[in-house]
Amino acid sequence: MASLPIRLGNLHEKNLEQLKKLNSSIFPIRYGDRFYEEVLRAHPDLVKLAYYHDFLIGAYCCRKEVSSDKQIKIYILTIGVLAPYRERGVGTQLLQSILQLVKTERWKDVTEIYAHVQTSNEEALRFYQKNGFEIGEKKTNYYKDIDPPDCYVVYKKCTKGEQVIS
Amino acid sequence: MVSSSLPSKENSVFKNILKYYETKQYKKALKSADSILKKFPNHGETLALKGLVVAALNRKQEAYDLVRQGLKNDLKSHICWHVYGLLYRGDQDYKEAAKAYLQALKFDPENIQILRDLALLQIQTRDYDGLLVTRRKLVTIKPGIKNHWLGFAVACHLKGEMDIALKVLESFESTLGKSSDAPNSAASEKKKEKGASQEAKVAELEEKYETSETLLYHAMILQEMGSWQTALTYLEENKGRIVDSLSYLEFRANLLVQLLCSQSISSEELDRLYAGEPETCILQLLDMNPDNVEYIQLYETVYRFRKNIHSSNCLEALNELEQRYPYSSSLKRLILQVATEDEFFRRFKSYVCPFLYRGVPSLMTDCKSLYLDNSKVDIIERVLSEFYEKSLNKETTMDQNSTEDGDIPPDATLWCLYFMAQHFDMKGDTEQALSCIRRAIDHTPTLVEAYSLQSKIFKHAGGMLQSLASANEARKLDLADRYLNCQCIKLALRLDMISLAETWMSLFTKEEGVKESQNIYDLQVIWYELECAESHFRLGELPQALKKWKAVERHFQDIYEDQFDFHSYCLRKTTLRAYVRVLRLEDKLLGQKYYIRTAKGLVKLFLKMSELQQRKSEENVTLENLSLSPKNNSNSDKNNKSHKDMNNNRTNSQSSGVGGSGWMEVDPNGESLYESIQDPLGEASKYIHTLERYAGEDIQVQILALDVAMKREKLVLSLKAIVRMSRLVVHKEENNSEDFYLFLVKKLQFAHFLGQHSHNMEQLPLSITSYVKEECHRICEGGKTFESLLMHYWDLYRDTLAFLVYLAELLEQLDILSKYSFVLESLVNRKQMTSNNIIPQRKICERHVLLLERLGISFVEELRSFYRNWYPYSDCFQSPQEIQSTKHMLLEELKK
């Protein structure tokens, strides 16, 4: 099946509520004000909204992290697509645009892109693996309000100049 | 202008004043004028000219004084009169200006400038008789000028002197060929010079176009005269010179159809001259644009005529066209209008499905007119539910055979639900509509339109608070969307939450240094000012309401005013056909629904105002009996002052916007405007006059006319209104029964009025007395008194809630409710309500509740919960505490 054509847009104060509606429909976790304050302030590359026709059906939100050994990482906070629009390549298009970032001048020093996935979420694990991610350590009791409370770290290493796309 | 009676030195100074004035060097102009006045303080023309300069500096009162003084000293000077006219023209008082110009012409009858100016004023005021005289003079005095001929032709046309108009155009056209040949050869000679040839080319093209337009205007007049055959021949003869080939074809097609259908010439004759041409001509047009509805309708007309079909819709003709133009969407849509049953089912399905796949939010707007036919509504529902089932199945089975269904977009279900919600809303099935829209929101919670639609569904069910809550949810999803913001504002105003509406409005109207309401006024945001006015009126804030309604009225005056520049522009550009259409449009301007709404509002306001004044004067009388306070004196003082304020306002508004003197910035709450109204009933009748003219068929207008006439104790006018009402109600008794009961009650009110003003009958002129008596006799069902008429209707309609509610409202208004206690008793009787199987309209139930609430009858609580069964969403049927708390919650939510 042909993947759904989407248009990527930026987040700003005027459409923030749309992202809130989207997230609360997709994820079991309620994201609070602090989360939305952070993503509003984030660099536009790190937060993208996916529009189909003229309405929002998916989004990703990332955070730039600098670890103690000065390594720069991109942490995927959320990535998701509304249920009726899944299985049509929208998630892949979103994830690919995150992966494309490290090929640009601004993000060339990023060494790793990673995320947390609830251990029970096989769909998501398959999704990341399909896009060249590896499954790393398991963190127990990572989540507070959902069951199971454990998660895996999924990650993809990138080195300078390397082709990230699998 | 050359002044008389000045020595040569002063005369040249005098000319300088003019020069300075025209180059806007007003200070120098003033100095020059003063230097003459020093020597000749009573020189009239100089005084007048000084007045003109002073007017340009926006000192209006001083200007009028100077010019009048000038006139007094030199009554026979055309300059003084001309300047006087200019002043009035500057203040848009065209009638007075025209009078002054006519005076000026008495002393200088062939002054081209004055004649031209006068013609503009006369057309602006639609003084066609005067215009004709002026235009004839212009063309006689200076026949060498193109505009004079065209202007004269237009004047004749508008006056209805078609034959003269044609003669004028003919003699003008005979000169056209020569002049257009000459520059042609001249242009070819000049071809060597590149720049000049370019210029000449443009001029040549312009001239060609102007000739073409003149010819088409000529054809238009012939068409309006009904001389279709002459018009056709005329067009054919001039085909080579008409460059607007589309207009040519359209004219020809219309004329052929008119000629055919009029049967003014025999069919043999017609066939001999134009065999099959109507069809070919229309098809030629359709080849260019198969979506033009007018062309399609022309084709239908011809088809029906040929086949002798009398019904208004003709499926065969459309089908035939569709064979030819399979991609015309207008045709597909028009066929839906006429197709029925299975044909409609098939057609509607193939029409609507692609739109549902594609996601077209405006689909219902397109389909709305189909809902006039109940059998179609059922078919639509069938198509929609089939589509919905199918799309659901596809969605769930997609995994198995995904390759096959790759073309079904995932939002087809969404748009189907969206359309179904609108469908049930159209049917008045709030429950189903809400269920559909909720499923749509569950499907795609980010679709802004869905919340907006949910708001509309609540609104249609009377739940304004919930409507506002939904609209606000939509607004928050896209704070940059002006439409969503406006939707919220409108609802807030309907709920009389004016300050909230103002806060939202300010999000989109920020302009620095200008007050917000002034900004809105400058932008002519009529819908907003109207809603504001109506809200203020509901809240009893009459001055503010008056201010806003007057603002809307001024917008309409401005729109009318805007045509002024076209009078000269269109003649110059020879766009005569468009010009005449614009004039006719402006003539109907006050028939626009926004103006009608404004005028109705103003009448209600003036009625209310006179009521308040009456009450106040009654109170004053009793007060004066108690003490000898000089109250009256101070009152009239105040009135005088406010009247002056008003005049200042008017002059200030000329320079709108500058330095906080715009119309909305001076007297923003309308207090002095309100106080300046001396005779509210007189004002009201002025608006009634306009309403009668443009919306006499509207029963609400006749009701207002009756109310005003009775307040003014005008027997004949009251009778006229009630008679007109009776004709309107007879016409639509079946489908609008509410109006029928309202009419009955209005007749009762009229009978009551007659009973109290029987002496008016004696004051009537003898010639109409018998007629008036007869009509009154008829209206009161055989001359019944109020009392017996009431009992008569009571026996007939006591089971109808609408009648009972309107009747009780009338008795309340006349303050005789207790005298006829059985009316109210029937309205607090549960048995009475359930005795009838028909569910009354929500509006009537709401009036019922509001009435009992006003009267403080405790039964109202029970009544509310009873009506809630029928109309669960209406705010009016919720308990007041609940409404209060919802309102409170909403406001809290909005504060965030």
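Me: Which residues of helix H27 (residues 498-506) of chain B are buried?

Reply: A residue is buried if 20 or more other C-beta atoms lie within 10 Å of its own, exposed if 12 or fewer, and partly exposed in between, with C-beta atoms placed from the backbone. Helices (H or I, at least four residues) and strands (E, at least two) are DSSP runs, numbered from the N terminus. In H27(B), the buried residues are B:Ala501, B:Trp504 and B:Met505. This is a predicted model, in which local features need pLDDT of at least 70 and side-chain atom pairs count only at pLDDT 80 or more, while totals for chains, interfaces and linings use all residues. Residues are numbered from 1 along each chain as its sequence is written, and chains are lettered from A and ligands numbered from 1 in the order in which they are written.

Me: What does each face of H27(B) meet or carry?

Reply: The buried residues pack against H26 (482-494), H28 (516-522) and H29 (526-538) of chain B. The face turned away from them carries the exposed residues B:Ser499 and B:Ser506.

Me: How should I read a nonpolar core, and which residues of the largest one touch the most other members?

Reply: A nonpolar core is a set of buried Ala, Val, Leu, Ile, Met, Phe, Trp, Tyr and Cys residues joined through C-beta atoms within 7 Å. The largest has 221 residues, and B:Val83, B:Ala421 and B:Ala440 touch the most other members. Apart from it lies another core of 39 residues, including A:Leu4 and A:Tyr128.

Me: Leaving aside neighbours within four places in sequence, which residues are in contact with B:Val83?

Reply: Two residues are in contact if their C-beta atoms, placed from the backbone, lie within 7 Å. For B:Val83, these partners are B:Ala48, B:Leu49, B:Gly51, B:Leu52 and B:Val67.

Me: How many residues of chain A are in contact with chain B?

Reply: There are 16 residues of chain A in contact with 17 residues of chain B. On the chain A side, H1 (16-26) and strand E3 (55-66) each give two or more residues, and H1(A) gives the most, with five.
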